[in-house]
Amino acid sequence: MSIVETFVAMDYGSAPEDPRETLAWLDAHGRSFGHFIGGKWHKSSSAQKFETKDPSTGKVIATVTQGSVEDVDAAVRAARTALPKWQALTNNARSRFLYAIARHLQKHSRRLAVLETIDNGKPIRESRDLDIPLVVRHFYYHAGWAQILDQAFPGYVPCGVAGQIIPWNFPLLMLSWKIAPALAAGNTVVLKPAEFTPLTALAFAEICQDVGLPPGVVNIVTGDGSTGEALVKHPDVDKIAFTGSTEVGRAIRKATADGHKKLSLELGGKSPFVVFEDADLDSAVEGLVDGIWLNQGQVCCAGSRLLMQESVAAELTEKIRERMRNLRVGSPLDKSIDIGAIVAPVQLERIQKLVKQGIEEGAECWQPPCEMPATGLFFPPTLLTNFHPSSTVAQQEIFGPVVVAMTFRTHREAVELANNTTYGLAASVWSESINVALEVAAQIKAGVVWVNSTNLFDASCGFGGYRESGFGREGGREGMLEYLEPQWFKKAKALPEKKSGHATEAAEPPTVSESAIDRTVKLYIGGKQSRPDSGYSISVRDTHGKILGEAPLGNRKDIRNAVEAARKASAWGKATTHTRAQVLYYIAENLSQRTDELERRLEALVGRRQAKREVAAAIERIFSYAAWADKYDGAVHSPPLRSISIAMNESIGAVGVICPNELPLLGLLSLVLPLIAAGNTVVAIPSETYPLIIGDLYQIFETSDLPGGTVNFVSGRTSELAKTLAEHDDIDAIWCFSNARDAASVKLWSAGNLKQVFTHEGRQIDWYDANQSEGRWFLQHATQVKNVWVPYGE
Ligand code: NAI
């Protein structure tokens with residue numbers, strides 16, 4: 001036999017990892033765990049317990065405690081008690097704790113990797129080489145943020161007590177993504193690990209004890225969804241961070257609507273893996289192995305939708321099948337296997353059901369003839385082809401080792417298919433032409449795009465979704481901001497109860513002020529003035545009851561038309577930042593020329609002095625956002641890999657705006673301007689107090705080259721219009737600054753397509769104070785960060 005023949009004929013032997021040290025650690029804990037609250041283990045004999053099993057063998061590993069409402073309450077109280085002491089420490093002291101945690105994690109890395117593997121079923125190669133090193137890196141990186149917190153985030157303070165709920169697919173890694181930034185920013189935490197994989201979180205709790213972390217700074221409560229729900233609903237939690245299914249994310253959005261908890265959601269995905277004809281196909285195949293078979297495909301950003309350019313589809317499919325024939329499914333503790341066990345019976349059933357449904361709907365299913373273990377929860381690598389792009393398997397997250405493949409002809413079709421789901425978490429783009437790859441990366445709606453690579457992660461690069469993949473970022477500067485709030489905002493007082501509105505439907509014979517006769521304004525939709533669908537108007541009065549004019553009473557249909565116009569105007573987002581800046585300067589100039597007129601109008605409402613002040617401040621605000629338009633740019637990260645990651649501040653899309661009642665001109669512009677400066681289009685509901693202001697504004701917009709549809713105005717009853725706007729699936733984000741009640745309702749209504757919501761939480765904002773009402777805080781909410789990873793080197 002020649003050397004080549006011998007080499008080809010050789011098979012891998014098994015290379016089992018020795019789990020003894022980990023098993024000894026479990027034994028030392030009596031294979032039974034309580035919660036970790038206030039720095040102590042809470043074991044109660046009467047508490048309900050549940051077992052956690054090794055999915056590759058079905059054997060029970062340990063027993064853990066089902067967290068009750070009382071347990072969650074005790075943990076939140078411990079976190080609250082610990083908060084002032086934790087915050088009183090110096091930045092350096094907090095930073096040192098994070099360094100110490102990182103070092104301890106490193107010292108016990110093998111034990112943690114084995115524990116993760118037996119609890120979750122993922123191959124030891126992955127837990128050892130990917131999960132745990134990334135966990136360690138996360139704590140080191142965030143120790144740095146803790147040290148320079150005041151310099152890096154001046155004027156910001158921690159949220160307070162953070163409630164964190166994590167899934168089972170990367171248990172310790174998700175814990176680190178949550179706990180490291182929270183502690184670095186000065187918060188204390190209560191974390192609930194997933195019911196299938198609680199063990200590494202408990203091992204982490206022990207590390208917190210070992211490094212002497214002050215009691216109560218980190219609390220771990222185990223349990224199922226009901227424990228998570230208790231944490232979400234606890235009134236003394238300031239921030240909720242969740243990673244898991246879109247369905248639960250939606251439930252959490254609703255559950256936190258009525259309150260001031262800051263929320264970040266990292267949800268599901270159906271990420272496209274796009275291969276162009278000029279790609280290095282062999283590299284793309286290796287990328288796909290990582291993209292969909294990492295962690296048995298139980299990865300939120302798995303490249304689960306393969307999009308192949310038609311000209312290379314046959315060749316690529318054959319290469320993929322060949323590669324799949326070599327994938328080894330087996331014991332997760334065996335270092336030479338590629339695919340381990342599925343986390344739990346329910347997840348295996350979900351995968352089986354979805355694949356069966358795909359086949360019933362006409363998909364072709366191909367699985368390599370691979371040896372499957374006799375026991376345990378395993379599913380073979382699977383390729384589905386020949387299905388409709390709208391079929392279940394093309395749209396739904398399967399969360400298993402199943403890739404679904406389709407073809408495209410042109411770049412445009414590739415982008416359309418890539419964006420043809422409700423998700424937007426990640427994407428991989430394969431092309432040897434950097435121009436093609438970056439052009440396509442820019443057009444894909446996803447928080448992360450990997451060029452000629454896949455599943456690259458680093459603590460310095462934000463990770464998180466667009467659309468129904470959630471909002472908020474983990475990692476990087478953006479990730480820190482999820483655990484911080486502007487100090488003035490945290491301290492801001494509640495808005496006083498709304499004074500009686502000035503806009504009323506005329507009931508009694510009005511006294512008409514002199515200037516009111518010609519003050520009939522219209523709605524402004526798609527660049528055109530239009531009458532309201534209702535055919536009704538509302539009278540707008542001054543504080544003495546005198547009629548100032550008539551404003552259109554918009555309804556659902558008007559909102560729908562305005563949303564359609566805003567969507568059609570998406571070219572605004574593609575205009576250069578220079579163009580957007582120029583249009584804003586033009587608006588400022590045109591508004592300046594009408595200063596006297598605007599002052600006169602506002603005078604009837606707020607008096608001469610206030611009117612002058614408001615108009616002057618409004619003009620300055622426009623100049624400011626004209627300045628910001630080409631300056632709020634992104635960053636280039638240098639992760640410790642042979643890659644750069646370009647963090648781009650992208651527009652969100654079509655945004656609904658509900659304006660404040662106070663300061664009808666300045667309030668409206670303070671919200672609309674950052675949005676359009678960042679490239680969004682807007683549907684705005686003006687203040688109910690003085691909606692007539694839109695008449696002046698649209699005349700100015702019309703003469704300032706602002707493309708039709710970029711800003712649309714629908715006046716009327718705020719709460720009614722806000723509901724239609726917040727529920728509309730073509731609205732990507734909603735800003736609500738009218739009152740506390742509307743702010744809570746909008747959060748609830750936005751849950752359908754998981755819009756990003758930005759509100760004043762019913763607090764007072766000083767719209768004259770640029771520190772509060774202008775700049776980065778608003779621009780940050782007007783954009784979403786996309787990280788495009790571009791590897792370099794041969
Ligand atoms: P899940 O979303 O139910 O669980 C994630 C975490 O949320 C767990 O800790 C769970 O206990 C907790 N939880 C459940 N209900 C809750 C509630 N009402 N309030 C607060 N916390 C709650 O995910 P599950 O059922 O384990 O998996 C279902 C599907 O979700 C998977 O098949 C997969 O498609 C997707 N998934 C996506 C993940 C991602 O990283 N994007 C992670 C896990 C699952």
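## Aromatic pairs and the ligand shell

Trp-488, Phe-489, Trp-735, Phe-737, Phe-758, Trp-767, Trp-777 and Phe-778 together make up one aromatic cluster. The model is predicted. In total, the structure contains 33 aromatic pairs. One of these joins Tyr-99 and Tyr-140 in a tilted arrangement, with 6.1 Å from centre to centre and an angle of 50° between the planes. This pair connects distant parts of the chain, since Tyr-99 belongs to helix 4 (residues 91–107) and Tyr-140 to helix 6 (residues 124–147), 41 residues apart. Tyr-99 has a relative accessibility of 35% and therefore counts as partly exposed. Tyr-140, at 27% relative accessibility, likewise counts as partly exposed.

A further pair involves Trp-168 and Phe-196: the ring centres are 6.4 Å apart and the planes stand at 55°, so the pair is tilted. Trp-168 is located in the loop between strand 6 (161–165) and helix 8 (171–184), and Phe-196 in the loop between strand 7 (188–192) and helix 9 (199–210); the pair therefore ties together parts 28 residues apart in sequence. Trp-168 counts as buried because its relative accessibility is 13%, the cut-off for buried being under 20%. Phe-196, at 28% relative accessibility, counts as partly exposed.

Charged side chains also lie over aromatic rings. The charged end of Lys-239 is placed over the ring of Tyr-483, 4.9 Å from its centre. Arg-613 lies over the face of Tyr-768, and its distance from the ring centre is 3.7 Å.

Trp-168 also takes part in the surroundings of the ligand, where 26 residues are found; the closest are Ile-166, Trp-168, Glu-195, Ser-245 and Arg-350. By class, this shell comprises 12 nonpolar, eight polar and six charged residues. Helix 10 (225–233), strand 9 (239–243), helix 11 (246–255) and helix 14 (345–360) each contribute at least two residues to the shell. Helix 10 gives the most, with three residues.

| Residue | Protein atom | Ligand atom | Distance |
|---|---|---|---|
| Trp-168 | polar side-chain atom | oxygen | 2.6 Å |
| Glu-195 | N or O atom in the side chain | oxygen | 2.7 Å |
| Leu-267 | polar backbone atom | nitrogen | 3.1 Å |

Taken alone, the ligand exposes 810 Å², of which the protein buries 88%.

Notes. Residues numbered from 1 in each chain as written. Predicted model: local features only at pLDDT ≥ 70, side-chain atom pairs only at ≥ 80, totals over all residues. Heavy atoms only, no water. Phe/Tyr/Trp six-rings, centres within 6.5 Å; stacked < 30°, edge-to-face > 60°. Helix = DSSP H or I, 4+ residues; strand = E, 2+ residues; numbered from the N terminus. Buried < 20%, exposed > 50% of the residue type's maximum accessible area, 1.4 Å probe, protein only. Lys NZ or Arg CZ within 6 Å of the ring centre and 35° of its normal. Near = heavy atom within 4 Å. Polar contact = N/O pair within 3.5 Å; in protein donor to acceptor, adjacent residues only side chain to side chain. Areas by Shrake-Rupley, 256 points an atom, 1.4 Å probe, with all protein chains shown as cover. Nonpolar A, V, L, I, M, F, W, Y, C, P; charged D, E, K, R; others polar.
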